[in-house]
Amino acid sequence: MIILFVGIAVMLLLGAACFSRRYGAGRARRDLPAAAGQDMAPLRQSLEAHVSFLAGVIGERHMGRFEHLEKAAGYIEEGMTKAGLALSIQGYEVGNRVARNLLGEIPGSVRSEEVVLVGAHYDSVGGSPGANDNASGVAALLELARLLAQRRPERTVRLAAFVNEEPPFFKTGSMGSRLYARRCRQEGEQIAAMICLETIGFYTEAPGSQEFPFTPLRFFYPSKGNFLAFVGNFASRQLLGESLGAFRSASHFPAEGLTAPAWLVGVDWSDHWSFWQAGYPAIMVTDTAPFRYPHYHRPSDTPDKFCYPEMARAVAGLAEMVATLAGGEKMGGP
C-alpha cells in the first residue's frame with residue numbers, strides 16, 4: 001500500500017511539473033528588447049533603498065520587536081500614500097498589542113468589484129533582519145504601488161502588506177493574511193487573483209545552485225537559480241497559467257511555473273496559503289528561498305546579499321503582469 005501511494009504521488013508530481021511548464025506562454029521570450037528597452041537603474045535604486053531601510057536601518061521586525069514592526073508599518077504607509085493609493089488598515093489584537101495589515105487600493109474603472117490582490121508580509125523571523133525574507137517582497141510591493149497608481153485598471157488592484165506571517169503565527173488565527181482572507185470571504189469580496197510576493201531578491205548563474213523539495217523535479221527545471229518561480233496548487237492552475245503567460249509576454253527574465261499539492265515542502269509557505277483556505281485562487285512568486293538562498297532565516301540575510309539588477313528586471317515584469325491581470329491601460333514602464 002505504501003509503495004502504491006508513493007508511486008501515485010510521484011506520478012502526480014511529475015504530471016504537475018510537465019503541465020506547469022506547458023501551461024504558460026512557453027519558455028522565457030528572447031525576442032523582446034532588453035527589459036523592453038527600459039532603463040532599470042531608477043527602479044533598481046528604489047528597490048535597494050527600500051530593502052536597505054527595512055532590513056538595514058530597522059532590522060528585525062516582529063511582535064517581539066514591536067517598535068521595529070511599527071516603524072516598518074509606518075514606512076509602508078508613507079510609501080503607499082506617497083504613490084497616491086487610498087490606504088486602509090486592518091488592526092487586530094495580539095496579546096496586549098495591535099498588529100496591522102496595511103492595504104492600498106487602485107479602484108477599478110469597469111469591473112471594480114473584481115479584485116487583483118498583490119500581497120507581501122513585512123515581518124521578519126526572529127534572529128534575522130529579513131532582507132530577502134521579506135523586505136524584498138515589500139520593496140516590490142511599494143514599487144508596484146508607484147508604477148500602477150496612475151493607471152486605470154478595469155479591475156480593482158489592491159496591494160497588501162501583511163503582518164505576522166512568520167512563526168509562531170504562521171497558519172494560526174493570528175496570521176495577518178489569514179484574518180484578512182477570512183474577512184474577505186465573510187464580506188463576499190470577489191478576489192479574482194491573489195499574488196503573493198515572497199523572497200524575490202536572489203539570483204545566481206552558479207551551476208547546481210538550484211535545489212528542489214522533490215528530487216525528480218530537477219529533471220524538469222533549471223539547475224541554476226537564476227529564475228523567478230510561480231507556484232500554485234491545482235485549484236489555482238488557471239491563475240498560474242495566466243500570470244506566467246502575462247509575465248513571459250512582457251519580460252524576458254527567466255520564469256518557471258509549478259502546480260503541486262500543498263503537502264509538497266515549500267508549496268504553501270507564505271500568505272497565499274491563507275487565500276487557499278478561504279477558497280480563492282492564489283499563487284506565490286518567489287526565488288524559491290531555502291532551495292537557493294543560503295541565508296534564509298539567518299542573521300546573514302542582509303541587504304548586501306541581493307542581486308538588485310536582476311530583481312529590478314523581475315519587478316518590472318511583475319508590474320506588467322499585474323496590469324495585464326487587472327486589464328485597462330498598458331504599462332508605460334518604470
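The structure is a predicted model, in which local features need pLDDT of at least 70 and side-chain atom pairs count only at pLDDT 80 or more, while totals for chains, interfaces and linings use all residues. Residues are numbered from 1 along each chain as its sequence is written, and side-chain values use heavy atoms, with hydrogens and water left out.

Glu48 is found in helix H2. Of its 334 residues, 58% are buried. Among the contacts of the protein chain with a separation of 6 or more, 78% are between residues 24 or more positions apart (contact means heavy atoms within 4.5 Å).

Helix H2 (residues 41-58) packs against helix H8 (residues 308-326): their axes come within 9 Å and cross at roughly 105 degrees. Axes are lines fitted to C-alpha atoms, for helices over the stretch in contact, and angles run from 0 to 180 degrees between N-to-C directions. H2 and H8 are therefore roughly perpendicular to each other (angles of 65 to 115 degrees; under 35 counts as roughly parallel, over 145 as roughly antiparallel and the rest as oblique). Leu43, Arg44, Leu47, Glu48 and Val51 of H2 meet Tyr308, Pro309, Met311, Ala312, Val315 and Ala316 of H8. The residues of this contact comprise 9 nonpolar, no polar and 2 charged (Ala, Val, Leu, Ile, Met, Phe, Trp, Tyr, Cys and Pro count as nonpolar, Asp, Glu, Lys and Arg as charged, and the others, Gly among them, as polar).

The 8 strands of an open sheet follow the order E1-E2-E4-E3-E5-E8-E6-E7, with mixed pairing (two strands pair if DSSP finds at least two bridges between them). E1 and strand E7 (255-259) are the edge strands, each pairing on one side only. On average, neighbouring strands of this sheet are turned by 20 degrees against each other, direction ignored. Helix H3 (residues 66-83) packs on the sheet and touches E1, E2 and E4, its direction making about 15 degrees with that of E2.

Strand E1 (residues 86-94) pairs with strand E2 (residues 97-106) in the antiparallel sense over 9 bridges, and Glu93 stands opposite Val98 in E2. The two strands form a hairpin with 2 residues between them, and Gly95 in the turn has a positive phi of about 65 degrees.

Strand E3 (residues 111-121) has 8 of its 11 residues buried, so it is largely enclosed by the rest of the structure. It pairs with strand E4 (residues 155-162) in the parallel sense over 8 bridges, and Val116 stands opposite Val157 in E4. From E3 the chain crosses through helix H4 (residues 131-148) to E4 in a right-handed β-α-β crossover (with the strands pointing away from the viewer, the path from the first strand over the helix to the second runs clockwise). E3 also runs parallel to strand E5 (residues 190-198), to which 6 bridges join it.

Notes. Helix = DSSP H or I, 4+ residues; strand = E, 2+ residues; numbered from the N terminus. Buried < 20%, exposed > 50% of the residue type's maximum accessible area, 1.4 Å probe, protein only.
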